[in-house]
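This report describes a strand arrangement and the residues placed around it. Please consult the sequence and the structure shown below while reading.

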Amino acid sequence: MKKLTSLLMTMALCAGLLTACGENTSMGNSMDNSMGSSTENSMGNTAMPNENPAAAPSGELRLGLGVVTSTEGSLAAAGEKPGSAKSRAVICAVAVDPDGIVRKIKFDTIDFNIPFDSKGAFTEDISQPVKSLREMGYDYGLSETSSIKKEWFQQMDSLEKWIMGKNVTDVLGMELDENKIPMTDELKGSIDIGVSDQLSALNKAYTNAL
């Protein structure tokens with residue numbers, strides 16, 4: 001039941017992201033025929049994209065969706081100590097041109113946490129909808145602990161802006177530090193969280209693009 005609920009919410013958010021991406025893509029085409037747990041290698045960067053993604057007719061944009069999921073942090077209940085079923089879905093919707101240049105991109109993340117007792121009964125109300133990190137906006141509270149005092153959605157906005165207009169292969173080759181934080185000078189002061197899952201989701205989205 002928990003897995004199904006999480007899956008349905010993820011699917012709904014993915015559909016919304018893809019719709020938004022598609023609408024912006026169509027607008028851009030009508031104006032000017034152009035136009036906003038990770039897999040890593042030993043160097044700490046995400047894997048390179050599929051070298052032969054599905055081809056699109058010349059001049060048309062391809063839309064892709066990628067989701068990277070993780071249950072890291074889940075804990076079993078032990079006696080009086082409650083357990084926790086955690087799930088995270090990092091989502092990327094992207095529109096690329098025939099040359100692999102990103103024309104539109106959007107990231108979001110869903111964090112899902114359900115506490116339960118040793119009998120498997122939920123210990124908190126799970127009837128309320130789970131918001132994505134973008135939907136939470138300033139309520140997520142990352143700025144309170146961020147070294148640059150920026151919220152999650154603000155940092156993702158900066159990452160998306162940097163990616164726009166670049167080739168997917170070049171983006172996936174971005175140099176990351178030991179904490180998976182971008183080392184490019186253009187993003188210093190804009191991002192202080194790891195982005196390897198976002199790059200993996202982009203890799204999947206590009207590979208799946210149609």
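Val-96 has Val-102 as its bridge partner in β3. In this predicted model, strand β2 covers residues 83–96 and pairs with β3 in the antiparallel sense over 14 bridges.

Strand β3 spans residues 102–116, and eleven of its 15 residues are buried, so β3 is largely enclosed by the rest of the structure. Strand β2 is mostly covered as well, with ten of its 14 residues buried.

## The three-stranded sheet

The sheet is open and consists of three strands in the order β1-β2-β3, with antiparallel pairing. Its edges are formed by β1 and β3, each of which pairs on one side only. From one strand to the next, the twist averages 15°.

Nine bridges join β1 and β2, again in the antiparallel sense. Within this pairing, Val-68 stands opposite Val-90 of β2. Helix α5, made up of residues 196–208, packs on the sheet and touches β1, β2 and β3. The direction of α5 makes about 140° with that of β1. A further bridge is found between Leu-65 and Ala-93, the partner in β2. In general, strands of a sheet pair through backbone hydrogen bonds, in either the parallel or the antiparallel sense.

## Gln-198 in helix α5

Gln-198 belongs to helix α5. Is Gln-198 buried or exposed? Its relative accessibility is 5%, which lies under the 20% limit for burial, and Gln-198 therefore counts as buried.

Which residues surround Gln-198, once its neighbours within four places in sequence are set aside? Gln-198 is in contact with Val-90, Phe-107, Thr-109, Trp-152, Met-156 and Leu-159. Val-90 is also the β2 residue that stands opposite Val-68. Met-156 and Gln-198 are 42 residues apart in sequence, while their C-alpha atoms are 9.2 Å apart in space.

## Arg-62 in strand β1

Arg-62 is located in strand β1, which comprises residues 62–70. This residue is buried yet has no salt bridge. What is the nearest side chain of opposite charge to Arg-62? That side chain belongs to Asp-97, at a distance of 7.4 Å.

The side chain of Arg-62 does reach a backbone atom: the oxygen of Ala-209 lies 3.1 Å away.

## The chain as a whole

The secondary structure of the protein chain amounts to five helices and three strands. Read from the N terminus on, these elements follow the order α-β-β-β-α-α-α-α. Of the 210 residues in the protein chain, 40% are buried.

Technical notes:
Residues numbered from 1 in each chain as written. Predicted model: local features only at pLDDT ≥ 70, side-chain atom pairs only at ≥ 80, totals over all residues. Heavy atoms only, no water. Buried < 20%, exposed > 50% of the residue type's maximum accessible area, 1.4 Å probe, protein only. Helix = DSSP H or I, 4+ residues; strand = E, 2+ residues; numbered from the N terminus. Pairing = 2+ DSSP bridges. Lys, Arg positive; Asp, Glu negative; His and termini not counted. Salt bridge = Lys/Arg side-chain N within 4 Å of Asp/Glu carboxyl O. Polar contact = N/O pair within 3.5 Å; in protein donor to acceptor, adjacent residues only side chain to side chain. Axes fitted to C-alpha atoms, helices over the stretch in contact; angles between N-to-C directions. Contact = heavy atoms within 4.5 Å.
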